[in-house]
Amino acid sequence: MPKDIEPELRAAAPDGIAFVSQTDRHGVTVAWAELANRDDLATIAALLRTQGARLSMVTASQPPAPEPAEDEAAQDEAAQDEAAGAAQSRSAGPPPTFGGTPRDGTSYELAYHFDLGGDTLTLVVHVPAGGSVASLTPLFRSADWNERDLMETYAVVVRNHPDPRRLFVDSATDPAVLERLIPFSTLVNAASTKGLWEKIMSAKAGR
């Protein structure tokens with residue numbers, strides 16, 4: 001991994017990044033760069049391409065919202081802090097992600113894993129439900145199926161994808177149907193396809 005990769009990433013992402021890296025005793029470096037603005041993704045990916053990076057994989061998750069405070073703790077806090085500012089703070093909801101995306105259980109965390117000469121750099125962006133992110137397929141062909149799978153699985157739009165057709169789910173089926181009808185634990189085993197169509201047919205019959 002280039003030694004000056006962090007300042008180059010910061011220069012390409014003017015809204016900011018949160019960068020951490022560590023190198024093991026064998027000299028292998030793993031780094032994470034969380035972007036404050038998901039619109040900087042394509043610019044940084046283009047930079048990485050000039051560095052000879054390869055896009056290994058794209059992964060997505062929907063982190064749960066933080067657990068609400070226990071009733072007793074909430075009552076104690078309310079009793080100790082009655083100022084208007086504190087009341088505003090309590091009603092503001094859970095703290096947002098880096099960059100300001102609400103951490104409400106409906107937003108997504110997308111991770112783009114790049115290989116840089118045997119080291120790994122992961123770019124992380126946060127996307128609200130129904131939001132969008134730029135396609136990296138024009139820069140890295142390996143992003144093609146990852147991004148198409150992302151669009152049919154989650155409520156995320158990948159902008160300017162050169163071939164946004166569905167991969168596995170019929171185009172007549174509502175977007176993000178896997179997310180709504182199949183829990184992740186079911187999705188990762190062989191019963192997911194059968195369970196999906198059973199739920200779709202059941203929902204149609206109930207209309």
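**Briefing: helices, core and cavity**

The model is predicted: local features need pLDDT of at least 70, side-chain atom pairs count only at pLDDT 80 or more, and totals for chains, interfaces and linings use all residues. Residues are numbered from 1 along each chain as its sequence is written, and side-chain values use heavy atoms, with hydrogens and water left out. The chain has eight helices and seven strands (DSSP runs numbered from the N terminus: helices H or I, at least four residues; strands E, at least two).

**Burial and contacts**
- Of the 207 residues of the chain, 34% count as buried (under 20% relative accessible area, 1.4 Å probe, protein chains only).
- Residues 24 or more positions apart supply 59% of the chain's contacts with a separation of 6 or more (contact: heavy atoms within 4.5 Å).

**Helix 1 (residues 5-12)**
- Ile-5, Leu-9 and Ala-12 are buried in helix 1.
- Seen down the axis, the buried residues of helix 1 fall within an arc of 65 degrees, so they line one face of the helix (arc: that of the directions from the helix axis to the C-beta atoms).
- These residues pack against strand 1 (17-23), strand 2 (29-35), helix 2 (41-50) and strand 5 (119-127).

**Helix 2**
- Buried here are Leu-41, Ile-44, Ala-45, Leu-47 and Leu-48.
- They cover an arc of only 155 degrees around the axis, which puts them on the same side of helix 2.
- Their cover includes helix 1, strand 2, strand 4, strand 5 and strand 6 (132-134).

**Nonpolar core**
- The largest nonpolar core has 35 residues (buried Ala, Val, Leu, Ile, Met, Phe, Trp, Tyr and Cys joined through side-chain atoms within 4.5 Å).
- Leu-9, Leu-48, Tyr-112, Phe-114, Leu-121, Leu-123 and Val-133 touch the most other members.
- Elements giving two or more residues to this core include strand 3 (54-61), strand 4 (108-116) and helix 5 (143-153).
- Beyond its neighbours within four places in sequence, Val-133 is in contact with residues including Leu-41, Tyr-112 and Val-157.

**Cavity**
- The structure holds one cavity of 30 Å³ or more (on a 1 Å grid over the protein atoms alone, a set of points where a 1.4 Å probe fits but cannot get out).
- The largest cavity has about 40 Å³ of space (the space filled by probe spheres set on the points, which are joined across faces, edges and corners).
- Pro-63, Thr-97, Arg-103, Ser-107, Tyr-108, Glu-109 and His-126 line the largest cavity (an atom within 4 Å of a point).

Key. Buried < 20%, exposed > 50% of the residue type's maximum accessible area, 1.4 Å probe, protein only. 1 Å grid on protein atoms, 1.4 Å probe; cavity = no way out; pocket = protein on both sides within 12 Å on 5 of 7 lines; lining within 4 Å.
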